[in-house]
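Subject: Structure for you to look at

Hi,

Here is the structure I said I would pass on. Please open it and keep it beside this email while you read.

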Amino acid sequence: MHSIGEMTEDQLAIKDAVEKTCSQFGEDYWAKTDETGDWPEEFCNAMAEGGWLGVAFPEEYGGAGLGLTEAALVMQAVTRSGAGYSGASAIHLNIFGPKPLEKFGNAEQKQENLPKIISGQEKMCFAVTEPNSGLDTSSLETKAERTNSGYTINGRKIWTTGAQRADKILIIARTTPKEECSKPYLGLSLFYTDLDRGKIDAKPIPKMGRKAVECNMLYIDGLEVPKEHLIGEEGAGFKYLLQGLNPERVLFAVESIGLGFAALERATTYAKERVVFGRPIGQNQGIQHPLAQRWAELKAAELLAYKAAGLYDQGVDCGAEANAAKLLGTEAGFKACETAVLSHGGMGYAKEYHVERYMREAMLARIAPVSREMILNFIAERVLGLPKSY
Amino acid sequence: MKVLVPVKRVIDYNVKVRVKSDQSGVDLANVKMSMNPFDEISVEEAVRLKEKGAVEEIVVVSIGPQQAQETLRTALAMGADRGILIKTDDNVEPLAVAKILEKVIGEESPELVILGKQAIDDDSNQTGQMLAALLDWPQGTFASEVILEDGKINVTREIDGGLQTLSLQTPAIVTTDLRLNEPRYASLPNIMKAKKKPIDEKSPGDYGVDTAARLSVVKVTEPPVREAGEKVEDVSELVTKLKAKGAI
Ligand SMILES: Cc1cc2nc3c(=O)[nH]c(=O)nc-3n(C[C@H](O)[C@H](O)[C@H](O)COP(=O)(O)OP(=O)(O)OC[C@H]3O[C@@H](n4cnc5c(N)ncnc54)[C@H](O)[C@@H]3O)c2cc1C
């Protein structure tokens with residue numbers, strides 16, 4: 001298996017084919033989407049046509065039936081190609097977003113929705129975070145109230161990625177007030193439903209990087225959801241959400257690691273070519289050592305990320321490894337981008353050399369979908385057995 | 001019609017090759033290997049002929065180490081139907097390759113064999129021609145267009161000074177040039193399908209071919225490092241500089 005042992009023949013073939021597909025979209029393509037904010041339509045189409053969106057879904061829905069390890073290889077190859085998060089985030093939600101639906105949805109919901117997501121015919125967005133509750137998901141304020149035919153949802157969500165183009169929304173909302181639940185995480189329900197633009201106003205949030213893939217503030221006012229769009233049981237939504245967290249952490253880790261390696265490649269190329277004081281700057285240990293250090297950090301985090309993926313694929317708990325990989329991978333990725341900017345000197349600050357774009361994108365993976373602090377909280381409490389701090 | 005496409009596993013064309021310190025060859029340790037790009041073009045052409053309905057079966061053959069199986073799988077993922085791996089860790093020279101292929105062709109009886117015009121590792125550009133001679137089949141080398149018509153194969157060739165079109169009687173040999181087509185990338189569903197396609201494993205001994213080397217490599221040397229160029233402002237400066245260097 002990748003990184004832990006030799007890659008299998010399939011894994012090599014997958015990595016190779018994704019690399020080739022991505023190689024059609026060069027640095028100018030991504031620099032341009034970052035400037036205009038245009039959605040990378042051609043890239044998304046190429047990935048959908050190659051069948052890559054279905055990598056981790058069962059064959060009966062048009063997927064390839066492979067695991068998280070292979071999905072991770074795909075996503076790492078995407079960011080590594082220089083597409084960074086502008087590319088990865090544009091397809092990330094198709095690849096892993098509908099996991100709660102696959103695991104807990106009923107046969108009809110899966111038949112109806114999964115093939116369209118896998119073929120790229122439909123896009124989805126994932127609305128969890130809210131302005132007033134932040135990382136404390138149990139305190140979210142969006143409400144789903146029962147009607148005769150289903151539910152009416154009212155509330156606000158923030159940061160919802162891709163809502164401008166999404167056809168569907170996976171949304172978590174409170175169905176029973178927190179005070180009436182025995183535990184704060186109960187009483188939340190998960191819905192996969194149409195993104196009705198008459199009832200949901202999505203406003204893009206101007207942000208630091210990854211301009212091509214927007215994030216939105218959602219104002220949800222009287223969204224009617226038929227009861228058939230409830231996933232699993234009412235009140236168990238948070239539990240369903242948790243199931244998808246570990247794979248998502250692994251994917252964020254490898255995406256950031258891929259971007260870090262791309263930055264490192266640019267930096268080493270520049271360090272070999274740029275001559276100052278009569279020698280290439282890369283001949284100075286002051287330039288070499290940080291680059292070598294970053295390589296070692298990326299490699300170590302990669303090892304842990306694929307370890308977590310392997311455990312997940314075997315059906316073994318990978319919470320500790322997935323969380324630690326997310327923390328180490330996204331830190332290593334960001335640091336590699338930062339070192340790449342610094343190694344370029346003034347040119348690192350110029351758009352022409354692309355590494356400043358990588359650095360702005362790598363920043364987002366340190367914050368979303370879970371912050372460094374919350375990962376450390378998890379490890380302290382669940383792995384080390386220390387008292388819960390929050 | 002049945003088509004046979006030999007494919008070779010070579011150093012990836014993106015890799016910057018390094019000569020071994022003892023100058024006995026290039027360093028292959030931990031280097032990315034891929035299908036010879038000309039062979040990719042050959043597989044692509046065969047698959048396109050199959051998609052047009054002119055071909056029923058595509059058999060791919062590779063002579064090389066165990067890992068050449070990956071190269072065969074790549075060809076199967078592009079659309080070939082089955083593979084034959086002729087396993088050897090020796091460096092097999094073009095004549096021995098052609099002799100093994102001659103035997104494979106004897107067993108498989110394809111009507112068309114599509115080979116790359118050369119492999120990018122040794123750039124020999126010999127196998128196709130030697131194979132045509134051994135079989136006494138017509139050959140169309142350096143093809144930039146291949147059209148099947150009324151049992152004939154029309155091959156447009158890139159030659160000095162223009163294009164030449166040959167009409168070949170089947171069975172025939174075609175070798176491919178860069179401009180023939182642009183090979184597809186394997187899609188994930190096709191990579192998955194390729195896993196189920198059969199690959200037979202053989203050895204050169206099964207075909208009674210001696211693969212012992214007839215040539216010996218004396219020395220491999222890095223090409224001299226290119227010196228940095230000079231930028232000039234305009235044509236007159238260019239002319240002055242060229243004159244000063246005695247180039248014109
Ligand atoms: C580019 C981008 C895309 C996103 N896409 C989506 C999306 O598609 N869908 C979605 O639902 N969300 C999305 N998010 C939201 C993201 O998941 C949240 O921003 C993230 O979970 C952090 O939540 P918050 O911003 O509310 O931070 P807060 O909860 O306000 O936290 C702020 C800071 O305080 C720290 N902190 C809070 N509590 C503690 C504690 N107890 N101990 C220690 N430190 C603490 C946090 O670690 C953090 O550093 C996206 C965010 C970004 C930046």
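**Ground rules**

This is a predicted model, in which local features need pLDDT of at least 70, side-chain atom pairs count only at pLDDT 80 or more, and totals for chains, interfaces and linings use all residues. Residues are numbered from 1 along each chain as its sequence is written, chains are lettered from A and ligands numbered from 1 in the order in which they are written, and side-chain values use heavy atoms, with hydrogens and water left out.

**Confidence**

The model scores ipTM 0.85 and pTM 0.90. Chain B has an average pLDDT of 95, and 100% of its residues score at least 70. pLDDT is the predictor's confidence in each residue, from 0 to 100. Where pLDDT is low, predicted coordinates should not be read in detail.

Helices (H or I, at least four residues) and strands (E, at least two) are DSSP runs, numbered from the N terminus. Two packed helices are described by the angle between their axes and the distance between the axes. Axes are lines fitted to C-alpha atoms, for helices over the stretch in contact, and angles run from 0 to 180 degrees between N-to-C directions.

Start with α10(A) (residues 319-343) and α11(A) (residues 355-367). They pack at an angle of about 160 degrees, with axes 8 Å apart. That makes α10(A) and α11(A) roughly antiparallel. The cut-offs: under 35 degrees is roughly parallel, over 145 roughly antiparallel, 65 to 115 roughly perpendicular, and the rest oblique. The crossing of α10(A) and α11(A) is left-handed. In a left-handed crossing the near helix is turned anticlockwise from the far one by less than a right angle; clockwise is right-handed. Residues of α10(A) that meet α11(A) include F334(A), C337(A) and V341(A). On the α11(A) side, M359(A) and M363(A) are among them.

Now take α8(A) (residues 245-273) against α11(A). Their angle is about 160 degrees, and their axes are 10 Å apart. So α8(A) and α11(A) are roughly antiparallel. Their crossing is left-handed. F252(A), L259(A) and R266(A) are among the α8(A) residues in this packing. The α11(A) residues include E361(A) and L364(A).

**A serine in helix α4(A)**

S86(A) sits in helix α4 (residues 68-96) of chain A. Is S86(A) buried or exposed? S86(A) is buried, at a relative accessible area of 0%. Buried means under 20% relative accessible area, exposed over 50%, partly exposed in between (1.4 Å probe, protein chains only). The side chains of S86(A) and E361(A) make a polar contact of 2.4 Å. A polar contact is a pair of N or O atoms within 3.5 Å; within protein, one must be able to donate a hydrogen and the other to accept it, and residues adjacent in sequence count only if both atoms are side-chain atoms. Beyond four places in sequence, S86(A) also touches residues including W30(A), P40(A) and R210(A). Contact means heavy atoms within 4.5 Å.

E70(B) lies in helix α2 (residues 68-78) of chain B. E70(B) is partly exposed, at 25% relative accessibility. Which residues does E70(B) contact, leaving aside neighbours within four places in sequence? They are E9(A), L12(A) and R9(B). E70(B) and S34(B) are 36 residues apart in sequence but 8.6 Å apart in space, C-alpha to C-alpha.

D81(B) is in the loop between α2 and β5 (82-87) of chain B. D81(B) is partly exposed, with 22% relative accessible area. The D81(B) side chain makes a polar contact of 2.7 Å with the side chain of K50(B). A polar atom of the D81(B) side chain also lies 2.7 Å from the backbone nitrogen of I58(B).

**Backbone points to check**

Most residues other than glycine have a negative phi, and most peptide bonds are trans. Here are some exceptions.

- A cis peptide bond joins A368(A) and P369(A), with omega about -10 degrees. P369(A) lies in the loop between α11 and α12 (372-383) of chain A.
- T170(B) and P171(B) are joined by a cis peptide bond, with omega about -5 degrees.
- W159(A), in strand β3 (residues 150-161) of chain A, has a positive phi near 75 degrees.
- S109(B) has a positive phi of about 45 degrees. S109(B) is partly exposed, at 49%.

Best wishes
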